[in-house]
Amino acid sequence: MAPLGSFIIVTGGDSRYCPLIRELIASLRALKPASLNAAGECPVGVVDAGLTDEQKAELKADGVKVVTPPWPVDIPAHRLRNRIHLKANLAKLHLPTYFPGYDTVIWIDADAWVQDWEAIELLRRGAATGRFAIVAQFGRFAETELRLNWLFGPFARVRSILYKNASRAGLTTAECRALATRPTLNAGAYALKSDAPHWEAFQRWQARVLKKGRLFTSDQLAMAGAVYLDGLPIELLPEWCNYIGPWRFDPETNELVEYYLPNRRLGIVHMAGEDAMRADPTVRRPVLDMNDREHMLSLRYPAWARQAEKVG
């Protein structure tokens, strides 16, 4: 196995996401993995995409490296519309520049938290091979593999995420078709060596797709261009390394687990799509236990640990 080397875990967001950022950091520090020092600490970085001065000062006092990056690409004000939080999405493709000195950079979205450190170890191992370690949104937990708009008879229009975004970004017909049936790479959690050639490719694609394309999904489209069109190597990790549902929990272990057998405990719990819950920690949603009994639970950390104890 290739040596893993030093690493930093990076997240980011604005003032509204700061509670989630703190919860992610708390989940990391609570695990105290044996692969780190006796205190179970690991370097953590935060991309400031609209944090208040007070929030930045508190994070820095807690040992977090806070970086306020410039906009990596010139974007007209009318397209930004004061959405400074999008700076975190764009900065994802420039992390070695903002957080130098580490062999590997791991990104985790702020609306995610870590339940099992093995997910971090798998991200590190994937990156150590020189490949882009990430989870793809397809397989047994995806509701559909591909969206189609049926026209007539056997003919249909492809409506996949990558195809729509590539078309909007003005990519060539050949490029759009090459991406049409490829699975979306979930940019919510990934790892890559700091000197990997992928970063240059990400940034090159980013500059291109941002000329016409959507800002919010430009990171995933740039990653797809580097991997699927440029052919840079990828290491696809199992879904539990960046899990976005469907949800199930095991009352005996008080852990969130995969919905289907073997019901492995989740490594990274990613609340993508849970807009109300991200904004309000009191929001609950139905979650099935191992006997398909429904419970109203929060997926947030540390609320999850407290409520699971009550359910158990």
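Select Arg 285 first. In this predicted model, Arg 285 counts as partly exposed, at 24% relative accessibility. Glu 274 is buried, with a relative accessible area of 14%.

Next, show Asp 116, Glu 255, Arg 264 and Arg 265. Salt bridges that share partners join these four into one network. The count of salt bridges comes to 21.

Now pick Arg 278 and Asp 111. They form a salt bridge, and their closest N and O atoms are 3.0 Å apart. Arg 278 belongs to helix α11 (residues 275-279) and Asp 111 to the loop between β4 and β5 (112-114), so this bridge ties together parts 167 residues apart in sequence.

Move to Asp 230 and Arg 204. Here the closest N and O atoms of the salt bridge are 3.2 Å apart. Asp 230 lies in the loop between α10 (218-229) and β10, and Arg 204 in helix α9, so the pair ties together parts 26 residues apart in sequence. Asp 230 is partly exposed at 35% relative accessibility; Arg 204 is partly exposed at 40%.

Switch to cartoon for the sheet. It is open, has 7 strands and shows mixed pairing, in the order β3-β2-β1-β4-β9-β6-β10. Which strands stand at the edges? They are β3 (65-67) and β10 (234-236); each has a single partner strand, so one side of each has no neighbour in the sheet. The twist averages 25° from one strand to the next.

Strand β6 (residues 132-136) runs parallel to β10, joined by 3 bridges. Phe 132 stands opposite Ile 234 in β10.

Helix α6 (residues 118-128) lies across β1 (7-13), β4 (104-108), β6, β9 (185-193) and β10, at about 60° to β9. Helix α9 (residues 198-209) lies across β4, β6 and β9, at about 140° to β9.

Finish with the nonpolar cores. The largest has 47 residues; Leu 123 and Ile 268 are among the members that touch the most others. Helix α1 (residues 18-31) gives the most to this core, with 6 residues. A separate core has 39 residues, including Phe 99, Trp 199, Trp 205 and Ala 222. Last, select Leu 123: beyond its neighbours within four places in sequence, its contacts include Ile 106, Tyr 190 and Leu 237.

Definitions and conventions
Residues are numbered from 1 along each chain as its sequence is written. This is a predicted model: local features need pLDDT of at least 70, side-chain atom pairs count only at pLDDT 80 or more; totals for chains, interfaces and linings use all residues. Side-chain values use heavy atoms; hydrogens and water are left out. A nonpolar core is a set of buried Ala, Val, Leu, Ile, Met, Phe, Trp, Tyr and Cys residues joined through side-chain atoms within 4.5 Å. Buried means under 20% relative accessible area, exposed over 50%, partly exposed in between (1.4 Å probe, protein chains only). Helices (H or I, at least four residues) and strands (E, at least two) are DSSP runs, numbered from the N terminus. Contact means heavy atoms within 4.5 Å. Two strands pair if DSSP finds at least two bridges between them. Axes are lines fitted to C-alpha atoms, for helices over the stretch in contact, and angles run from 0 to 180 degrees between N-to-C directions. A salt bridge is a side-chain nitrogen of Lys or Arg within 4 Å of a carboxyl oxygen of Asp or Glu.
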